[in-house]
Amino acid sequence: MQAKSCLQQLASIIPGYSGYLDKDRRRDIDKLHREHLAQELEKLKTPITNLIRDLSETGRITEIKPIERLNGKLDKIANRIRYASYGYSGFFDVVKVQELELDKLYQFDLSLAEDTEAIKTQVLAISESSDASNLKTAASSLEKALDSLDAHFSQRHKAIETIV
């Protein structure tokens, strides 16, 4: 059995995702992908908010600040992804794009989706951390993963620019 292509994997993760081959749908597909990532990140705020509430109710006030910072980062990154400008408009205007170049973009987009999935796993771990030491370690690890996703997304426009 042959491994799924990056495009097939993205289509299985993001409902309606059909790729960038059709010039007339590129903007829509790009928006769909970014909106999906932003929504997935926003969903992660709920368990973190619940953790903050639990820490507050049990008097663990000193442990709240790093956790609140995570919610702020989730907001910032989700909004940045959702409202990213189309500074790379040449990609949306090119009539024919080479399949190899599209595969590279699909790989990049898939890696963003995979990064988001890894962050989900870390949010689950942090919400299950019971003692202060484990919580601090999990929060630090999650913050690094969020910073990494933010930096990774910053490289997306470069990946698109290489196509045009």
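The following dialogue examines how the terms applied to this predicted model rest on computed values.

Visitor: What makes up the secondary structure of the protein chain?

Guide: The protein chain has 8 helices and 0 strands. Read along the sequence, its pattern is α-α-α-α-α-α-α-α. The C-alpha trace spans about 60 × 40 × 20 Å along its principal axes, and buried residues make up 40% of the 164 residues.

Visitor: What share of the contacts with a separation of 6 or more comes from residues 24 or more positions apart?

Guide: Such residues account for 74% of those contacts in the protein chain.

Visitor: Why is the pair of Tyr 17 and Tyr 20 called edge-to-face?

Guide: Two values decide the matter. Rings pair if their centres lie within 6.5 Å, and planes over 60 degrees apart count as edge-to-face. The centres of Tyr 17 and Tyr 20 are 6.1 Å apart and their planes stand at 80 degrees, so the pair is edge-to-face.

Visitor: What makes the pair of Tyr 20 and Tyr 106 stacked?

Guide: For this label the planes must be under 30 degrees apart. Tyr 20 and Tyr 106 have 10 degrees between their planes and 5.8 Å from centre to centre; the pair is therefore stacked by that cut-off. Tyr 20 lies in the loop between α1 (6-13) and α2, whereas Tyr 106 belongs to helix α6 (residues 99-127), so the pair ties together parts that are 86 residues apart in sequence.

Visitor: How do you know whether Tyr 20 and Tyr 106 are buried or exposed?

Guide: The limit for a buried residue is under 20% relative accessible area. Tyr 20 has 1% and is therefore buried; Tyr 106 has 4% and is likewise buried. Tyr 17 is buried as well. Ring pairs link Tyr 17, Tyr 20 and Tyr 106 into a cluster, and the count of aromatic pairs comes to 2.

Visitor: What does the side chain of Arg 26 reach, and how do you know that Arg 26 has no salt bridge?

Guide: Arg 26 lies in helix α2 (residues 26-43) and is buried. A salt bridge requires a nitrogen of Lys or Arg within 4 Å of a carboxyl oxygen. The side chain of Arg 26 does reach the backbone oxygen of Tyr 20, at 2.6 Å.

Visitor: Why is the contact of Asp 30 with Arg 156 called a salt bridge?

Guide: The closest N and O atoms of Asp 30 and Arg 156 are 2.6 Å apart. That value is within 4 Å, so the pair qualifies. Asp 30 is in helix α2 and Arg 156 in helix α8, 126 residues apart, and the pair links distant parts of the chain. Both residues are buried. Asp 30, Arg 34, Asp 109 and Arg 156 are linked in a network of salt bridges. The structure holds 18 salt bridges.

Visitor: Why do Asp 75 and Lys 45 count as partly exposed?

Guide: Asp 75 has 30% relative accessibility and Lys 45 has 23%. Each value falls between 20% and 50%, so each residue counts as partly exposed. Asp 75 forms a salt bridge with Lys 45, with 2.8 Å between the closest N and O atoms. Asp 75 lies in helix α4 and Lys 45 in helix α3, so the pair ties together parts that are 30 residues apart in sequence.

Visitor: Which residues touch the most other members of the largest nonpolar core?

Guide: Of its 42 residues, these are Leu 41, Ile 48, Ile 67, Leu 70, Ile 119, Ile 126 and Leu 142. At least two residues of this core come from each of α2, α3 (45-57), α4 (64-82), α6, α7 (132-154) and α8 (156-161). Helix α6 gives the most, with 10 residues. Leaving aside residues up to four places away in sequence, Leu 142 touches Ile 48, Leu 70, Ile 119, Gln 122, Val 123 and Ile 126.

Technical notes: Residues are numbered from 1 along each chain as its sequence is written. This is a predicted model: local features need pLDDT of at least 70, side-chain atom pairs count only at pLDDT 80 or more; totals for chains, interfaces and linings use all residues. Side-chain values use heavy atoms; hydrogens and water are left out. Helices (H or I, at least four residues) and strands (E, at least two) are DSSP runs, numbered from the N terminus. Buried means under 20% relative accessible area, exposed over 50%, partly exposed in between (1.4 Å probe, protein chains only). Lys and Arg count as positive and Asp and Glu as negative; His and the chain ends are not counted. A polar contact is a pair of N or O atoms within 3.5 Å; within protein, one must be able to donate a hydrogen and the other to accept it, and residues adjacent in sequence count only if both atoms are side-chain atoms. Rings of Phe, Tyr and Trp (its six-membered ring) pair if their centres lie within 6.5 Å; planes under 30 degrees apart count as stacked, over 60 as edge-to-face and the rest as tilted. A nonpolar core is a set of buried Ala, Val, Leu, Ile, Met, Phe, Trp, Tyr and Cys residues joined through side-chain atoms within 4.5 Å. Contact means heavy atoms within 4.5 Å.
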